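Hi everyone, thanks for having me. Have a look at what comes up on the screen, and then I'll walk you through a few spots.

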Amino acid sequence: MEAAIFVLVVLVFVAVSGALVRLVRVPLPVLQIAIGAALAWPVRGIHIEIDPELFLLVFIPPLLFSDAFSAPKRELIALRKPILDLAIGLVFFTIVGFGYALHWLVPSIPLVVAFALAAVLSPTDAVAVSSIVDRSVVPARLMHILEGESLLNDASGLVMFRFAVAAALTGSFSFAAASLSFLYAVAVGILAGVAALFVAAKALQLLNRIGGVPAEAQVLITILLPFVAYLAAEHFEASGILAAVTAGLLTGSTGIFRFLGVSARMQTISLWTTFSFVFNGALFIVLGLQLPEIIRKVPPELTGQYPIVQPVLTVVALTLCLIALRFVWIWIGDITAGLAARFGKREAEPFGLRVRLAGSVAGVRGAITLAGILSLPQALQDGSPFPARDLVIFLAAGVIICSLVIASLALPVIARGLVEPGEDAGDAEERMARVGAAKAAIAHLESLAQTDEEEGDIPGARLAAANGIVAAYQRRIAASDEADEARAEVRQAGRLEIDLRLAGIAAERDAVRGMLRRGEINDHTARALYTEITLTEALLNGRQTRS
């Protein structure tokens with residue numbers, strides 16, 4: 001019963017945070033972490049012990065799957081070199097640089113444990129990055145690189161974290177064995193994602209052949225897909241995170257949705273949108289719930305003569321160290337890419353100082369870092385306590401909060417003016433696609449209208465119906481015209497049409513409500529009509545927003 005109440009409380013505050021973020025000018029993840037901390041801070045506040053493996057299983061696969069599915073695949077492929085450079089190269093650079101810096105700053109932390117903390121801090125958080133980074137102020141190229149990096153570096157960071165923990169437990173480390181294990185974890189993780197996607201496609205294809213299967217059964221398969229991929233990879237001791245990401249990246253290109261009915265497609269899109277919001281919010285609130293307990297247990301190694309100032313300064317210094325390492329690596333990569341372009345006689349695309357700094361600050365840490373560090377064992381193999389466990393957990397939590405705060409405050413200032421005002425490239429591409437699709441539809445309808453009418457057709461009915469639909473497509477093309485006056489005229493007419501149709505829909509809804517109240521129709525009939533009315537209204541509202 002307590003677990004059920006806890007879940008309900010978290011869901012309530014997820015909804016509350018969605019409303020409060022409109023009033024409080026802070027990023028949503030920061031607000032949700034603050035809500036979680038406020039719920040846990042009082043003496044009799046909410047307290048929950050996190051099982052790291054369960055935490056990763058519940059939250060990470062669906063969130064990473066959703067982010068990977070919605071990520072722009074074309075841009076990720078085009079930017080694969082800088083993405084892989086950050087997702088793999090920067091992880092190893094961070095482990096070495098931050099590990100030695102941490103051991104120097106806090107000598108009580110053994111070097112191998114410092115490497116473990118560096119490994120778990122190396123992944124950036126895909127959810128936090130997309131929530132904090134404003135796409136309207138950050139160049140699209142940099143945003144795509146940050147998204148791709150955050151999807152892939154979780155696997156490399158956590159795999160190296162496991163190696164560092166194993167070295168701390170056994171007291172030995174083999175570079176060759178670690179390299180082979182890393183390649184195994186990556187390869188099998190990718191294969192597990194592909195296999196899970198293949199099984200899901202076959203299951204949907206089977207349901208499609210059977211026919212008459214409820215749409216909810218099809219939707220359930222798409223929901224289970226990331227969890228199956230994650231568990232399959234983890235069963236073979238590979239990267240479950242990479243399996244979920246692989247399944248998400250390939251879902252759109254494999255055509256799996258062609259096996260879903262129209263109703264199942266709409267439910268899937270709506271459900272995953274809701275899941276993404278709920279899981280994101282619950283994730284950060286749960287993170288906030290852990291902070292008061294961690295902060296109360298400030299390790300004595302950090303208190304010294306200044307019990308409040310010294311821990312804060314240590315966390316800030318470590319966070320700035322991570323930012324500096326990212327900046328150096330991005331700068332080196334930028335120079336290397338420029339030299340390679342010069343030797344290859346290609347045109348280089350350097351980032352520039354401010355973009356490098358924005359990319360460095362935007363590398364925030366989040367859920368995977370905390371879940372990973374909480375999975376540290378309590379004791380070594382000989383039964384002695386794991387060295388500096390409470391200390392590195394405190395530092396990891398502090399760096400998560402500090403990186404979020406610094407990114408929230410500094411990124412808008414750094415990125416101001418980096419994107420020139422004007423039409424977004426994505427909007428222009430969408431407008432071009434709408435025109436192309438409408439022209440193709442018109443050509444096909446005109447060819448159908450000219451075909452011989454079938455027996456039993458009313459003379460001229462096919463041509464009249466086609467002309468009416470063609471007129472609608474022509475209005476869509478005119479609304480996307482380059483000429484501002486033509487677009488304004490058609491859009492005004494379109495807005496008037498939408499207003500009138502919305503007024504008609506309101507009358508429809510009132511009529512259905514009246515028939516239901518008078519007993520002329522039953523609940524099932526009313527629900528079916530309400531669904532049709534709602535879908536039509538949603539489409540019109542979408543058109544109204546775009547216009």
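Predicted model: local features only at pLDDT ≥ 70, side-chain atom pairs only at ≥ 80, totals over all residues.

Residues are numbered from 1 along each chain as its sequence is written, and side-chain values use heavy atoms, with hydrogens and water left out.

Okay, T124. You'll find it in the loop between helix 6 (111–121) and helix 7 (126–132). Is T124 buried or exposed? It's buried, with a relative accessible area of 2%; buried means under 20%, exposed over 50%, partly exposed in between, using a 1.4 Å probe and protein chains only. Contact means heavy atoms within 4.5 Å, and beyond its neighbours within four places in sequence, T124 is in contact with residues including E149, N153, R326 and G363.

Now the inside. A nonpolar core is a set of buried Ala, Val, Leu, Ile, Met, Phe, Trp, Tyr and Cys residues joined through side-chain atoms within 4.5 Å. The largest one here has 105 residues, and F55, L102 and L395 are among those with the most contacts inside it. Helix 17 (residues 389–415) gives the most to this core: 15 residues. Apart from it there's another core, of 24 residues, A192 and F259 among them.

Back to L102: leaving aside neighbours within four places in sequence, it's in contact with I109, A114, L117, L318 and L395.

Methods: Helix = DSSP H or I, 4+ residues; strand = E, 2+ residues; numbered from the N terminus.
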